[in-house]
Amino acid sequence: MLRDRLITLLTEAVNKAQKDGKLPAVVLPEITIERPQNAEHGDYASNLPLKLARLVKNNPMSIAGELVALLPPAEEIESAVATPPGFINFTLKNDWLSRQVDSILKDSEFFGNSKLGQGKKVQVEFVSINPTGPIHVGHGRGAILGSTLANVLSASGHKVEKEYYFNDAGNQMDIFKRSLYARYLQSLGEKAEVPENGYHGSYMVDLAKEIVAEYGDKFRKLDEAEAIKQLGEIGIGKIKDKIREDLAQLRVEYDVWFREQSLYENGQYDKVMQLLRKGGYIAEKEGATWFVSTSLGEDKDNVVVRSNSAPTYFATDIAYHYNKFLERKFDKVIDIWGADHQGHVPRMKAVATALGIEPERLQIIIHQLVTLKRGGELVRVSKRTGDLITLEEVMDEVGVDACRFFFLARSATSQMDFDLELAKKQSQDNPVYYVQYAHARIASIMRLADEKKIDYSDGDVSLLKTQPELTLIRKLLSLPELIEMISVTSEPHHLAYYAQDLATVFHAFYKDCRVVTDDAAMTKARLKLVMATKTVLAKTLHLMGMTAPDRM
RNA sequence: GCGCUUGUAGCUCAGUUUGGAUAGAGCGCGGCCCUGCGGAGGCUGAGGUCGUGGGUUCGAACCCCACCAAGCGUACCA
């Protein structure tokens, strides 16, 4: 990566300066290379002289001057200039830039991939809602964030597994089953009440009707406990299928669908509890069993087994993370949760510590919740009170591509209002179609070249030297940096901004540089550039889980 | 009360990790550009006390402190 190369060059310059006595022998601060916002400041810049100035108590500009003079020559660099107040600005060589078009074409869809991850095993777990109801729009945010992050991590050389955790055991499931039983009896014309803390949504009515249509009244004849059990399992199965369908429609694919139940079935729950007990992290008090997180600096202890001997969700989550790290041996685990789970973060970190797992290996990304609106009017999202807008409805209304783009264009930490009317309206104009339009436009040019039977494989890219061409090439070349940056920061929203930027510079290029002309040599060179742009744009869209249409 | 997250242009948001060069984008609003490969495009203008007040620094949207506002959490719910 060019950035690393510049750091090396600067380090050499500093070493030389210190050896020559032009710079005092101080410990070098971390060298940072940034991409200046202003194009006049070149392709890359370093503020190293400013940092050094403080340490050696010298004028930053004269340090910058010294370093520039001592920089070793490099084939990529046209110039390195000391600029007030003390930056070193690097500009790339035009012919080096244009040569990169050939290398993008050579790498094709693999352009931008790296070995950063060194094949490390990373799990990304996301969505993971209870199978008690359909997915709503807030969960969709986690789904899009998780699937996109997984795509990027794969591109940067991680061995990624995407996982969904079905909480199909415990308290909430019992409530769900009893709610369903009540709806079932109701749809057979009997009197029954959905429990007060139960699931009242209208989808439960539909679900009950569906089961009546399929199975008739056979569960009415069973005794209540047995009916609730059998009916409940059928209901859960149907909800799980629906969740899978919705996610598939959103283009979210999973490698593993993990069942909470399995933690009990294969004894891992008991195993981890014994382990914690042995480590002195378990205590009995007030009739319940507690995880003593205060011994790890937490504010309070947490119940793992209630006084009625039912384990809490926290208990199985402990077993689940034991399974992730110690049984399946992931090098890193990324959990993506909604902000309503933020209180769960510190205690899970404490669990990691108690199990001897370095807490950094467990990364928890919290995304803020989504407020759904329709024409400015607030829409309730809580599935426990019914009246919900499902992810399915949103996808049908605004389309999957627009949906993914909208969610991706915001950082996980931003609280977002998702206005359905606005999303539909805006997606007619911009920015989703703006980006996809660029791809369709490129496809159209390539079709024209194809019709004219132009073979551009021997095109000479060194003919590409005008400003719009070079600007486009520069933008193409920043994809590898972007992929690495997102892999490090886990912030895939930058992809959406990149896609827009790339579309913008392409449209500008298109305006200024006609591709297919009578000039055969220039046509071939530009076709190469256009094809390289198509590759990079499609790759960006695919990383975001969006389509790259050839026609619109 | 305490904790986490957020507050940047009329609206929706980047930029805050690593303090630096005139604070960016899209939408909306004003003005331009169609004899050419897809005008779902291009160019351009207006629009900002970076929540408020202090502090650190040669330099703060970014670091520190206080305050204000919003969301979430603070269960033997998940």
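## A parallel pair in the sheet

Strand S5 (residues 121-126) and strand S11 (residues 332-338) run parallel and are joined by five bridges. Within this pairing, Phe126 has Ile336 of S11 as its bridge partner. The model is predicted.

Strands of a sheet pair through backbone hydrogen bonds, in either a parallel or an antiparallel way.

## The whole sheet

S5 and S11 belong to an open sheet of five strands. The order is S7-S6-S5-S11-S12, and the pairing is parallel. Strand S7 (256-259) and strand S12 (362-367) stand at the edges. Each has a single partner strand, so one side of each lacks a neighbour in the sheet. From one strand to the next, the twist averages 25°.

## Helices across the strands

Helix H5 (residues 137-155) lies across S5, strand S6 (159-166), S11 and S12. Its direction is at about 165° to S5.

Helix H8 (residues 224-249) lies across S6 and S7. H8 runs at about 145° to S6.

## Salt bridges

Side chains of opposite charge can pair when their charged atoms come close. A search of the whole structure finds 31 salt bridges.

Which residue forms a salt bridge with Asp335? The partner is Lys324, with the closest N and O atoms 2.8 Å apart. This pair links distant parts of the chain: Asp335 sits in strand S11 and Lys324 in helix H11 (residues 313-327), 11 residues apart. Are Asp335 and Lys324 buried or exposed? Both Asp335 and Lys324 are buried.

Asp95 forms a salt bridge with Arg99. Here the closest N and O atoms are 3.7 Å apart. Asp95 and Arg99 are four residues apart in helix H4 (residues 94-107), so about one helical turn separates them. Asp95 counts as partly exposed because its relative accessibility is 40%. Arg99 also counts as partly exposed, at 39%.

Arg361 and Glu358 meet through their side chains in another salt bridge, at 3.1 Å from N to O. Arg361 has a relative accessible area of 26%, so Arg361 is partly exposed. Glu358, at 41% relative accessibility, counts as partly exposed too. Elsewhere, Asp168, Lys240, Arg259 and Glu265 are joined into one network by salt bridges that share partners.

Notes: Residues are numbered from 1 along each chain as its sequence is written. Chains are lettered from A and ligands numbered from 1 in the order in which they are written. This is a predicted model: local features need pLDDT of at least 70, side-chain atom pairs count only at pLDDT 80 or more; totals for chains, interfaces and linings use all residues. Side-chain values use heavy atoms; hydrogens and water are left out. Two strands pair if DSSP finds at least two bridges between them. Helices (H or I, at least four residues) and strands (E, at least two) are DSSP runs, numbered from the N terminus. Axes are lines fitted to C-alpha atoms, for helices over the stretch in contact, and angles run from 0 to 180 degrees between N-to-C directions. Contact means heavy atoms within 4.5 Å. A salt bridge is a side-chain nitrogen of Lys or Arg within 4 Å of a carboxyl oxygen of Asp or Glu. Buried means under 20% relative accessible area, exposed over 50%, partly exposed in between (1.4 Å probe, protein chains only).
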